[in-house]
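Take a look at the chain below. We will walk through it piece by piece, starting from a single residue.

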Amino acid sequence: MDLLNTLVEKGLRRETPTREEALAVLATSDDELLDVVAAAGKVRRQWFGRRVKLNYLVNLKSGLCPEDCSYCSQRLGSKADILKYTWLKPDEASQAAAAGIAGGAKRVCLVASGRGPTDRDVERVGRTIEAIKEQNEGVEVCACLGLLSDGQAERLKTAGADAYNHNLNTSEGTYGEITTTHTYADRVDTVQKAHAAGLSACSGLIAGMGETDEDLVDVVFALRELDSDSVPVNFLIPFEGTPLAKEWNLSPQRCLRILAMVRFVCPDVEVRIAGGREVHLRSMQPLALNIANSIFLGDYLTSEGQAGKADLDMIADAGFEVEGAGTTTLPAHRADALAAAGGGSGSHASAGGCGSEASAGCGGHGEAAGGCGPCGGHAAAPADAPAEVPAAASEARTDLVAVRRRGAGTDLAPNT
Ligand code: SF4
């Protein structure tokens, strides 16, 4: 297929594909899907080998958010029956982080619900970062605390943060249909503040909120423009009790096409499969590892993931390896650029490897898995969804959604 050959060549050269090429990936048929995955796999292996980076979410503060992100189970007015608690103490957060690190995670993503941190919150998170780093040498820490005010990114950097996550979530054109309490421009501003402070920028999207293919391409091109080091791709978990509870629009095939499009547009950045992996990719998760080079281990912010051991078994069975703490995630050219900007812990500075998610990964602010969700204003399937998407694509799989009841904020052991 000429399209795929062209995309592979461009990906290997870090050249941006055209919008038409990105849209064409989303429009491929099921008959072409394995070829699409194989082509994206060539680009993935060029920049990240067969390594899979594991990230671990610690929800520092859950629920009770004053913002109205429609996809989010922690939003204002959410009726979702999630865990609600205020700030974990630094030692509690450090304990939770240690469990994830013992399970194989290389990055810890510290997430807190809310519009953005106060200076006191930043101080508190700084103490938490110090506690985690004292006890876990070499671990990367990403903060995901919402919109940042002037000077806060610098203070987080001084406290030892390696990265900051703030997702764009969807296109500029549809952002207002998802959230009314802040704007797309606010989000861009925070990613730029993180970047300017020398933090590794992590920013991604949520698919499945009723957006069009054009919206998806718009947001991925915007992320490339922002030059995020890592791009978490969330697949909306339509939480009962949120405005997007009925938005079951994704099939495993559609998720694979979206991931491949992200890989072709952002060939040398960490593409992370974030919230909704188990719910929407289901038994196709191992295939997706050929495209993405990073996942979350264990549970998400407000929902439970598959058992941590199942994540590790899946990686081994699919012929991939967990990225070790001594390996740099990002390819050398990106790691060097980050180091030159004053960023990057040891783990970003050497050559070769790959990188970051948050948080995105991190949930609270862009994760479909209970953090941030779909847009209220959208109806069911996107108008331009491929005609071949089977009816099962929009079948509600509420049986696969489990609200988190263990780990941070509970007395029960975390899933790692
Ligand atoms: S995504 Fe973040 S800011 Fe939006 S409602 Fe959820 S916790 Fe609040």
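**A walk through the fold**

Glu-20 lies in helix 2 (residues 19–26). Helices here are DSSP runs of H or I with at least four residues, strands are runs of E with at least two, and both are numbered from the N terminus. This is a predicted model: local features need pLDDT of at least 70, side-chain atom pairs count only at pLDDT 80 or more, and totals for chains, interfaces and linings use all residues. Residues are numbered from 1 along each chain as its sequence is written.

Is Glu-20 buried or exposed? Glu-20 is exposed, because 9 other C-beta atoms lie within 10 Å. The rule is simple: 20 or more such atoms within 10 Å make a residue buried, 12 or fewer make it exposed, and anything in between is partly exposed, with C-beta atoms placed from the backbone. Now look along the chain to Glu-214. It is 194 residues away from Glu-20 in sequence, yet their C-alpha atoms are separated by 9.7 Å.

Step back to the whole chain. The protein chain holds 15 helices and 10 strands. Of its 416 residues, 59% count as buried. Two residues are in contact if their C-beta atoms, placed from the backbone, lie within 7 Å. Among contacts with a separation of 6 or more, 81% join residues 24 or more positions apart.

Next, find helix 1 (residues 2–12) and helix 3 (residues 33–48). Their axes come within 9 Å and cross at roughly 10 degrees. Axes are lines fitted to C-alpha atoms, for helices over the stretch in contact, and angles run from 0 to 180 degrees between N-to-C directions. From helix 1, Leu-4, Leu-7, Val-8, Gly-11 and Leu-12 meet Asp-35, Val-36, Ala-39, Lys-42, Val-43 and Gln-46 of helix 3. By class, these are 7 nonpolar, 2 polar and 2 charged residues. Ala, Val, Leu, Ile, Met, Phe, Trp, Tyr, Cys and Pro count as nonpolar, Asp, Glu, Lys and Arg as charged, and the others, Gly among them, as polar.

A second pair is helix 9 (residues 213–226) and helix 10 (residues 252–265). They pack at about 35 degrees, with axes 10 Å apart. Helix 9 brings Leu-216, Val-220, Phe-221 and Arg-224, while helix 10 brings Ile-258, Met-261, Val-262 and Val-265. This contact has 7 nonpolar, no polar and 1 charged residues. An α-helix has 3.6 residues a turn, so residues three or four places apart point the same way.

Helix 8 (residues 184–196) comes next. Its buried residues are Tyr-184, Arg-187, Thr-190, Val-191, Lys-193, Ala-194 and His-195. They pack against helix 6 (152–159), strand 4 (163–165), helix 7 (175–178), strand 5 (200–202) and helix 9. Just after helix 8, Gly-198 takes a positive phi of about 85 degrees.

Finally, turn to the loops. Most residues other than glycine have a negative phi. Leu-64 has a phi near 60 degrees, a positive value. Leu-64 sits in the loop between strand 1 (51–61) and helix 4 (90–102), and is partly exposed, with 15 other C-beta atoms within 10 Å. Asn-169 has a positive phi of about 75 degrees. Asn-169 belongs to the loop between strand 4 and helix 7, and is buried, with 33 other C-beta atoms within 10 Å.
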